[in-house]
Amino acid sequence: LQTGTIRRWLNDLARTDDPEKRRAKQATANKQLTKLKAALNYAYQHDMGGNRVVWDKVKPFKNVDAPRIRFITTGQVKALIEVADPQFVPMIQAAVYTGCRWSELCRLRVHHVTPDHIHIAESKSGKVRDVFLAAEGKRFFNQQVKNKPQDSYVFTVDGQPWGKSMQKRRMDVASDLAGINPRVSFHLLRHFYASVLVEQGVSLQMVAKLLGHSDTRVTEKHYAHLQPSTLATAVEKNLAISLTGA
C-alpha cells in the first residue's frame with residue numbers, strides 16, 4: 001500500500017463536477033479516510049504488516065466540516081405555504097410546528113397524536129421521542145386527525161401515504177412560485193424550527209431532545225452561534241451579584 005494510492009482513492013471519493021456539492025463530498029471522504037486509518041492502525045498494532053508512515057502522510061481535506069446552514073425567515077415560510085400544492089401545505093406546516101424529518105412525518109399515524117404532543121415511534125437514530133406542541137401546533141394536529149381512524153396516516157396525498165423524496169419537486173415548485181432563490185429544501189424547515197427555539201432562549205439540550213439528536217454535539221455544531229444574545233439576556237436577568245454599595 002502506497003501513500004499515492006490512498007491519496008488518489010481519497011480524491012476519487014471527493015470528485016464532483018458540482019461546486020455546490022464539493023464541500024459535502026470532501027467531508028464524506030474525510031470520514032471514510034478516518035475509518036480506513038483506524039483499520040490500518042489496528043492491523044499495524046497487531047503485527048499484521050504495513051508501514052504506518054504510509055497512511056499518516058495522507059491528510060484529510062481542510063475546512064470542510066464546519067456547518068454551512070442556511071436559515072430561512074418566517075416571511076419565506078409563509079410565502080411557501082401560500083403558493084404550495086394544497087395537499088402539500090400540511091406537511092410544510094407540520095415540519096414548522098415540530099421540526100420533524102420528512103420520513104418521520106410520512107410515517108406518523110393518528111394514534112401517535114395526543115392533545116399536547118406527537119409521538120415519533122421510528123426515527124433516524126432509532127430512538128423514540130415525544131415532540132411537544134405549542135398552541136397553534138395543537139390546533140393544527142387536532143384538525144388533521146379529526147374523524148380519522150386511529151391506525152390511518154395523518155398525512156396523505158391523493159388518499160395514499162407520502163413516500164420517499166416526494167417533497168423535493170414540490171418544494172422546488174413552491175420556492176419558484178414564491179420567488180425564493182436559492183430554492184428551499186424541506187430540511188430547512190427543520191432548521192427553522194430549531195433556530196426559533198434557540199433564539200427564544202430554549203437550551204440546546206432541550207432542542208436536541210426535540211429534534212431527536214443522540215446528544216448535543218450536532219445541535220451545538222448547527223445552532224450554538226444563535227445563542228449569544230440569548231446568553232446575554234439570561235445573565236442580565238439572573239446573575240444577581242452586587243459588589244458595590246451597602
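Tutor: Start with Asp172. Its relative accessibility is 14%, so Asp172 counts as buried, the cut-off being under 20%. Keep in mind that this is a predicted model.

Asp172 pairs with Lys168 in a salt bridge, with N and O 2.6 Å apart. Both sit in helix α8. They are separated by about one helical turn because they are four residues apart. Asp172 also meets Arg183 in a salt bridge, at 3.6 Å from N to O. This pair links distant parts of the chain: Asp172 lies in helix α8, while Arg183 lies in the loop between α8 and α9, 11 residues apart. Arg183 is partly exposed, at 43% relative accessible area.

The structure holds nine salt bridges. Another one joins Arg129 to Glu104, with the closest N and O atoms 2.9 Å apart. Here strand β2 supplies Arg129 and helix α6 supplies Glu104, 25 residues apart. Both Arg129 and Glu104 are buried.

Now the surroundings. The largest nonpolar core has 45 residues, and Phe88, Met91 and Leu189 are among those touching the most other members. Helices α6, α8 and α9 are among the elements that each supply at least two residues of this core. Helix α5 gives the largest share, seven residues. Look at Leu189: its contacts include Met171, Ile92 and Val96. A second, separate core has nine residues, including Ile6 and Trp55.

Key: Residues numbered from 1 in each chain as written. Predicted model: local features only at pLDDT ≥ 70, side-chain atom pairs only at ≥ 80, totals over all residues. Heavy atoms only, no water. Core = buried A, V, L, I, M, F, W, Y, C linked by side-chain atoms within 4.5 Å. Buried < 20%, exposed > 50% of the residue type's maximum accessible area, 1.4 Å probe, protein only. Contact = heavy atoms within 4.5 Å. Salt bridge = Lys/Arg side-chain N within 4 Å of Asp/Glu carboxyl O. Lists of a residue's contacts leave out its neighbours within four places in sequence.
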